[in-house]
Amino acid sequence: MNQQRKAYGLRNDMIAYSMVLPGMAIFIAFVLVPFIQTFFISFTNWNGLTRYEPVGLANYVELLTGEGSLFYTALENNLFWMVLGTALPITIGIFQANILVRHSLRGANVWQLVFFMPQILSVTVTCLIWTWMYEPTNGPINAALEAVGLGALKSSWLGDPSLVMWSLLGIYIWLSYGFDTVVFCAAMQGVDPALYEAARMDGCNRRKQFFHITLPSIRGTTLSAVLLQIISSFKVLDVVYITTRGGPGYNSYILSYYAYSEGIQSNRVGFSASISITLAVLLFTVSLVYNHVAERRAAQ
């Protein structure tokens, strides 16, 4: 009997491993191996063509202390994007989902589809549309401001150093808030209706129900959505590349575009690899700290 159980368990293990193996092979081939290669290249002065020339920590020293390094400018922009690019889409998604689900808005499913549409569109198409909308002379945004008597607010949205990051953030929020709305709609639909019924019998209005029933009930979904949004906020190379190319000047530089610029445009592949590794370590650290804090709060 014990041998039969062992054979049965071994067969189940083999089936499980056979299902995991294809995904693991893809992960190793396209994620782990390139990461290891990038790590070793970051310690070289490779230009992508000649032989590797080991330079030790020189690339990292230049990145952190070099006179011409844009690391801290790009890092500041990345942190700006991470904080606001996480908080705003999550907040918008929660409140929109609450209106659609809790207020029984007519055609809620259609509205979810409308909000989710930016996720379906190509990022290139979206960025080109917004670039046209931000156009300073004939763009719809400036035209609308002029039409309502707010012509003094007209601006070169992507050309003004003080506005460019806010303008890019607007594009990113429009691209991402629909996903959060759909996720929170699904989470709120799973909340036990008896909780709201009991709250109504106790005299709680909709605002109190939202803060004392809805938000605590979707805490797990919120924590996961925030983590996904943090990770997504670091992957905005396409938005910056299509719209501003890091400009004006270096006011919209981010770490991923910095790595692209150094590696592809300047042929400093080794230095570019050091930026990529630093970005990966930064993202891993932020995710690790967030998970630790989230687990501690969930346990309280």
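Trainee: How many helices and strands does the protein chain have?

Mentor: The protein chain has 13 helices and zero strands. Helices (H or I, at least four residues) and strands (E, at least two) are DSSP runs, numbered from the N terminus. This is a predicted model, in which local features need pLDDT of at least 70 and side-chain atom pairs count only at pLDDT 80 or more, while totals for chains, interfaces and linings use all residues. Residues are numbered from 1 along each chain as its sequence is written, and side-chain values use heavy atoms, with hydrogens and water left out.

Trainee: What makes Arg 245 partly exposed?

Mentor: Its relative accessible area is 45%. Buried means under 20%, exposed means over 50%, and partly exposed is in between (1.4 Å probe, protein chains only). Arg 245 is therefore called partly exposed. Arg 245 lies in the loop between α11 and α12, and has a positive phi of about 55 degrees although it is not a glycine.

Trainee: What is the relative accessible area of Asn 267, and where does this residue lie?

Mentor: Asn 267 also has a value of 45%, so this residue is partly exposed. Its place is the loop between α12 and α13 (269-299). Asn 267 is not a glycine, yet has a positive phi of about 60 degrees.

Trainee: Which residues of helix α2 are buried?

Mentor: In α2 (residues 58-65) they are Asn 59, Tyr 60 and Leu 63.

Trainee: How do you know that the buried residues of α2 line one face of the helix?

Mentor: Seen down the axis of α2, they fall within an arc of 95 degrees, so they line one face. The arc is that of the directions from the helix axis to the C-beta atoms. An α-helix has 3.6 residues a turn, so residues three or four places apart point the same way.

Trainee: What is the radius of gyration of the protein chain, and what would a compact globule of 300 residues have?

Mentor: The chain has 24 Å, whereas such a globule would have a value near 19 Å. The radius is taken over C-alpha atoms, and the globule rule is 2.2 Å times the number of residues to the power 0.38. The C-alpha atoms fill a box of roughly 85 × 75 × 35 Å, taken along the principal axes. Of the 300 residues, 36% count as buried.

Trainee: Which two residues does a cis peptide bond join?

Mentor: The bond joins Gly 247 and Pro 248, with omega about -5 degrees. Pro 248 is in the loop between α11 (237-243) and α12 (255-265).
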